[in-house]
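Hi everyone, thanks for coming. Let me put the structure on the screen, and then we can walk through it together.

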Amino acid sequence: MTDNMPQFFQELFHLETSDCLTFLFYFIGAFILVNIASVIGGLATYAERKISADMQLRIGPNRVGPYGLLQFLADGAKMLMKENIMPLMADRFLFNIAPMLCLVGIFATLAVLPISGNLTLAHLDVGVFYVVAISSLVGLGIFLGGYASNSKWSLLGGMRGASQIISYEIPVVISILSIVLLSGGTSFKTIVHHQGGLPHEWFVLHNPFTFIAFIVYFIGSLAEANRAPFDLPEAESELVSGYHTEYTGMKFAFFALAEYVEVFVLCGVGATLFLGGFNVPFGLDTFLSKTPFPLLAEVVQLGAFFTKTFALYYLVIVIRWTLPRLRVDQLMSLCWKYLTPIALFNLIGTAIWMVYFHDQSIVEIIKAAGSHAGGGH
Amino acid sequence: MENPQVLADSSQGLSVFMPILILMVLGVVIFWGAVLVAGLIRPSKPSKLKQTAYECGELPVGQAWSHFNIRFYVTGLIFIIFDVESALMFPAASVFKKLNSIGLGGLALIEILLFVMILVAGIAYCWSKGDLDWVKSLSSKEK
């Protein structure tokens, strides 16, 4: 497995390494990735409306394109033609910069999202740590958007968003730490390498503590992405529209896009950390990489990654249309009085498990016990 | 990877951060590009009433930038402590597996345990003081 995407293509096409070429590959890769992420974000809005329609026995969007699939393009064109209204009393600079911060923070995490072994733009050594750090920019954007609007609804939404996002970062990060313990590295490549294609080789079923850690991570990332039941910063029934009350047109569209792409990124990180990432069952990818078409292996890995990610995304959407919204005090007590202690307990539990059982997963222990018992006869 | 003596076995140059810089610049360009392109085709008829802050149809009373009770101020402080804790835990967590494989796992576990326990004591103190509650209860003080 190569370190980054340009290296892979240079080896594949037997090109000479040069800085210019590396930059070109990075640029094309980044451009394609941004476009794919935006389309995924757009299709997610469509999926959200269609799935909610299914759950409520409605039809949902079905006019634009086949099955209404192009609805998000129509929405984008509509947003493009909306008047740009900014309150006179708003802080003009911060008002303009807030949606950009959200977008930049989310686009920057895409670079390390391990979509496949070689097509990932950069396998940073500090992968997970970097994702946690840079996605804080989104929280900053939300808070600034709420503050700069100089509207009371926005300010309340922004304050809620800030306190919610920073609070839920703690259980999420501590859950991630127990995976870092197991894999012995913060790089996504290392984390994926220590898992396998089949469910019993995934970290989520490694031991009981990681299973709980997955649930804590999932709840925490729902709250970090402001998804229902934690959509308090934009609770439309109490705060009009929360931190983006005053935003219109493209700026609002970018807030929405950043939110949907963030859910995708968080689902992708969750799938990588706990559900085996781009590992393909039965070593199909290593087999394909030795055939004359090594790109096929990447395609299979992409399939594995996106299947897991979209399965999680589906779950996120279903949860949104199933559970009622929490109250603010319930939200905070859930984070600090339940999730954080549970996550700390998981961290210690995982460490003790590793020392006591010498890194073995629960399945390996059962297998060893079985073969030991069988060998006795 | 197999040699347990080498704890830091890889290093990356700054060039791996290039795609991140490209993506960030792309984000800025796409944002301003879309906003400016929209400026060419969207209507612009500003009026004073339209540009007031939304307050459910009423004229806004005063500014939003006023004094109000920021809940969870203490929670923000606890967050900083825990955030630093998790940042400090990442190096310890990433070498734990290697230490475990050469038989030093117990020692590392005790160190992690010590570090986490101090923080657990901190959050327990905040909890008992009522700083994690929405309304800081006076009853916990009276006890």
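Let's start with a kink of about 35°, which sits at A:Leu339 in H13(A), shortly before the proline A:Pro341. The bend at a residue is the angle between axes fitted to the seven residues ending there and the seven starting there. Helices here (H or I, at least four residues) and strands (E, at least two) are DSSP runs, numbered from the N terminus. After H13(A) comes A:His358, with a positive phi near 55°.

A word on provenance. This is a predicted model, in which local features need pLDDT of at least 70, side-chain atom pairs count only at pLDDT 80 or more, and totals for chains, interfaces and linings use all residues. Residues are numbered from 1 along each chain as its sequence is written, while chains are lettered from A and ligands numbered from 1 in the order in which they are written. As for pLDDT, the predictor's confidence in each residue from 0 to 100, chain A averages 85, and 98% of the residues score at least 70.

Now for A:Ser175, which is found in helix H7 of chain A. Is A:Ser175 buried or exposed? It is buried, because 31 other C-beta atoms lie within 10 Å. Buried means 20 or more other C-beta atoms within 10 Å of the residue's own, exposed means 12 or fewer, and partly exposed is in between, with C-beta atoms placed from the backbone. A:Ser175 and A:Ala343 are 168 residues apart in sequence, yet 5.7 Å apart in space, C-alpha to C-alpha. Not counting residues up to four places away in sequence, the contacts of A:Ser175 include A:Ala213, A:Tyr217 and A:Asn346. A contact is a pair of C-beta atoms, placed from the backbone, within 7 Å.

Next, helix H5 (residues 127–134) of chain A: six of its eight residues are buried, so H5 is largely enclosed by the rest of the structure. Among the buried ones are A:Phe129 and A:Tyr130. Their cover includes H4, H7, helix H8 (188–193) and H10 of chain A, together with helix H2 (73–101) of chain B.

That brings us to the two chains together. 73 residues of chain A are in contact with 58 residues of chain B. The chain A side divides into 48 nonpolar, 15 polar and ten charged residues. Here Ala, Val, Leu, Ile, Met, Phe, Trp, Tyr, Cys and Pro count as nonpolar, Asp, Glu, Lys and Arg as charged, and the others, Gly among them, as polar. Chain B itself has four helices and zero strands.

Finally, two loop residues. A:Leu57, in the loop between H2 and helix H3 (71–80) of chain A, has a positive phi near 55° and is not a glycine. A:Leu57 is exposed, with 6 other C-beta atoms within 10 Å. A:Val240, in the loop between H9 and H10 of chain A, also is not a glycine and has a positive phi of about 60°. A:Val240 counts as buried, with 20 C-beta neighbours inside 10 Å.

Notes
Two residues are in contact if their C-beta atoms, placed from the backbone, lie within 7 Å.
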